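Biologist: I am new to this structure and would like to know what stands behind the terms used for it. Can we go through them one at a time?

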Protein chains: 2
Amino acid sequence: MSMDPTGTVGLGPVLVVGTGLLGTSIGLGLSSMGVPVLLDDVSPTALAVARDMGAGTPVGEGPVGDAEDVGLVVVCAPPDVTGAVVVEQLRRHPGAYVTDVSSVKLAVVGAVRAAGEGLGDRFAGGHPMAGRERSGPTAARADLFIGRPWVVCGEGVAADRVRALARSLGATPVLMDPQAHDDAVAVVSHVPQVVASLVAARLLKAADPAVGLAGAGLRDMTRIADSDALLWAQILAANAGPVGSVLADLRSDLDGVIAALDALAEPGAAVGARSVLARTVAAGRAGRERIPGKHGEPPTAYARLTVLLPDEPGQLGRLFEDIGSAGINIEEFSLEHSPGRPFGLGEVSVLPAVRDELEQSLAALGWRVVG
Amino acid sequence: MSMDPTGTVGLGPVLVVGTGLLGTSIGLGLSSMGVPVLLDDVSPTALAVARDMGAGTPVGEGPVGDAEDVGLVVVCAPPDVTGAVVVEQLRRHPGAYVTDVSSVKLAVVGAVRAAGEGLGDRFAGGHPMAGRERSGPTAARADLFIGRPWVVCGEGVAADRVRALARSLGATPVLMDPQAHDDAVAVVSHVPQVVASLVAARLLKAADPAVGLAGAGLRDMTRIADSDALLWAQILAANAGPVGSVLADLRSDLDGVIAALDALAEPGAAVGARSVLARTVAAGRAGRERIPGKHGEPPTAYARLTVLLPDEPGQLGRLFEDIGSAGINIEEFSLEHSPGRPFGLGEVSVLPAVRDELEQSLAALGWRVVG
């Protein structure tokens, strides 16, 4: 459960270009293991904040301020300039390997290829699947990447360096082809983002009492819609082909649903319309079963129970202490507050075999299990 | 935080028609307060299970087995037969008020109106906003409705009876016009359901490594896609007009996004395409801000911190005990496991003013705060 200093062997001094959330987090992680880190950013303020947080030494300052002997450059620039900055760094540091952390990979590979000069031999792309709702260096964390997949696109020594970087920061390297990566994130990240935004935007036109009926289902479904509009415009634009293709596929199914609903809204038999609706829901359920569970194992169907929690400090502590003392491991947990009520509903997921035992234990200790 | 026996005054004997999850839960709740409950169901097995669980007495059995003096009939039949069953019950019990619990209200009102005979004077629709992923009488709970909104559609004594029923079961009655209710649930429940299913269905065609990159965002976004296909086909069909209308509105925005992505995927300037994408994400964020927070108050922006948790019994208990002993109240909490790693990441939401204090307290107690 920790970062791996032995993974840093051979990384040499690392130059981080772009000291936002990801760049500063990488600098903090490497610095904490004694790897010399140089920092650069077009914003003097972002650079100074990253330095003050201990992420490394700005280029030109201090004892490791000389960028001549850099072994690896990590480009953490905004997605719409990543390709250009990667090419610039490959030219500026002919003895170094270069990687990036942007969430779309083919565009960066394309920029490196287009530049020619054999630059691609020293480049491998990367995409740590970590992020936060907050951004900027002040939100950075040395251990932001622990336990997260870190996609590596490339081969040879360059890819080895990126894998070593990922492992040293506690992430799990996953080797993928750039096109496969971009297709994958279109399905698991970019399309869900667009669609969550489209659903949440419906609330703008809804009446207040309607919005008042919104519950945990809608909140969970639209949580990722709480995102930065300009950053996402860049990401979606950079992955326009794969995202557009998956959305077109989705629209084709949506057209079928709307046609079925139109037929049902009119008088008449609407033959087949109900089966379109049922098949749509069934396909979603089957698709969802493919999402991996904990530890990368196949998904497990957990058993759930819902416990009533008075809304005061210490209640959750007492609950989890009671669950722990029963020797039962909690697989997932979520807490929801009831509208207009001074208490919450805690949903505890456990392995199916121990659910009933847990319910009995909790009931015996005075907890109200309500589901 | 409890059910309200005083609210049962005047309910008289209650007949529950349909002993699935909702009907059996209503029977259990009322019976626990001493209200005489009669049960009926077309399935003798479902009826016997509900009786054995203590939800009430089947019609024709036992001391309150006579349905003559029933004061209120609660129809908990499947959505596609609710209207017909309500009319049948209004005719069979001329001295009783009748309500239902189905998730679409205009169709039921229409069926009662179409029947004529002044039946509508004794009817008010209802919709408790409670449900579970499991269904059937075995999943029933006396306190399923505690803290949930219970929409009441109607007026006069009939509506008073439904409000009393809702309050006695611990729910919060919300008076709404049937059309307003159906429009509201289209936006906050039915459209999110359809769209979550459409997004999850994309995973059916994705390669294994792609699905392996799926994280908490996709899991949360598609959680409601884990639903019963036949039940949802009925609900969507019954609310075809409003759901179709909101989906058509969504499709119009989706068309704009796809056109922008198509323009960006081709060589050329794609003028305005990026602003379509940015406006889409911004509109979603603005819509999401309307979702109410805890206690029905306006939503609060909580501050979050992420804590590394070894995956073993008792760790969550220790964490929450430590948070409780710092006197800090947890507003929201979610737990996520890292792929391929034997630990989880707990996301704690607290009021912004106490976030830094909490982080310092936890760090001092040896917790790894990683975000």
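Biologist: Which residues does Thr222(B) touch, not counting residues up to four places away in sequence?

Modeller: This is a predicted model, and in it Thr222(B) touches Arg288(A) and Ile291(A), along with Ala196(B), Val199(B) and Ala200(B). Contact requires heavy atoms within 4.5 Å.

Biologist: Why does Thr222(B) count as buried?

Modeller: Buried means under 20% relative accessible area. Thr222(B) has 0% relative accessibility, so it counts as buried. Thr222(B) sits in the loop between helix H8 (216–221) and helix H9 (229–238) of chain B.

Biologist: What makes the side chain of Thr222(B) and the backbone oxygen of Leu218(B) a polar contact?

Modeller: The cut-off for a pair of N or O atoms is 3.5 Å. A polar atom of the Thr222(B) side chain lies 2.8 Å from the backbone oxygen of Leu218(B), so the pair is within the cut-off.

Biologist: How do you know that the two copies are related as by a two-fold rotation axis?

Modeller: In general, two copies of a chain are related by a rotation about an axis and a shift along it. Here chain B is superposed on chain A by a rotation of 180° with 0.0 Å of shift along the axis, at an RMSD of 0.1 Å. The copies are thus related as by a two-fold rotation axis. Met221(B) is the residue of chain B that comes closest to this axis, with its C-alpha at 1.9 Å.

Biologist: What puts the buried residues of helix H4 of chain A on the same side?

Modeller: The buried residues in H4(A), residues 106–115, are Val108(A), Val109(A), Val112(A) and Ala115(A). They cover an arc of only 125° around the axis, which places them on the same side of the helix. Arg113(A) and Ala114(A), on the other side, are exposed. The buried residues of H4(A) pack against helix H3 (82–92), strand S5 and helix H6 (178–201) of chain A.

Biologist: Why are strands S3 and S5 of chain A said to stand at the edges?

Modeller: The open sheet of 5 strands in chain A runs in the order S3-S2-S1-S4-S5, with parallel pairing. S3 (57–58) and S5 (97–100) each have a single partner strand, so one side of each has no neighbour in the sheet.

Biologist: What makes S1 and S4 of chain A a pair?

Modeller: Pairing takes at least two bridges. S1 (residues 14–17) and S4 (residues 72–75) of chain A have 4 bridges in the parallel sense, so they count as paired. Leu15(A), for one, has Val73(A) as its bridge partner in S4(A).

Terms used. Residues numbered from 1 in each chain as written. Chains lettered and ligands numbered in written order. Predicted model: local features only at pLDDT ≥ 70, side-chain atom pairs only at ≥ 80, totals over all residues. Heavy atoms only, no water. Helix = DSSP H or I, 4+ residues; strand = E, 2+ residues; numbered from the N terminus. Buried < 20%, exposed > 50% of the residue type's maximum accessible area, 1.4 Å probe, protein only. Polar contact = N/O pair within 3.5 Å; in protein donor to acceptor, adjacent residues only side chain to side chain. Arc of directions from axis to C-beta. Least-squares fit on C-alpha atoms with pLDDT ≥ 70 in both.
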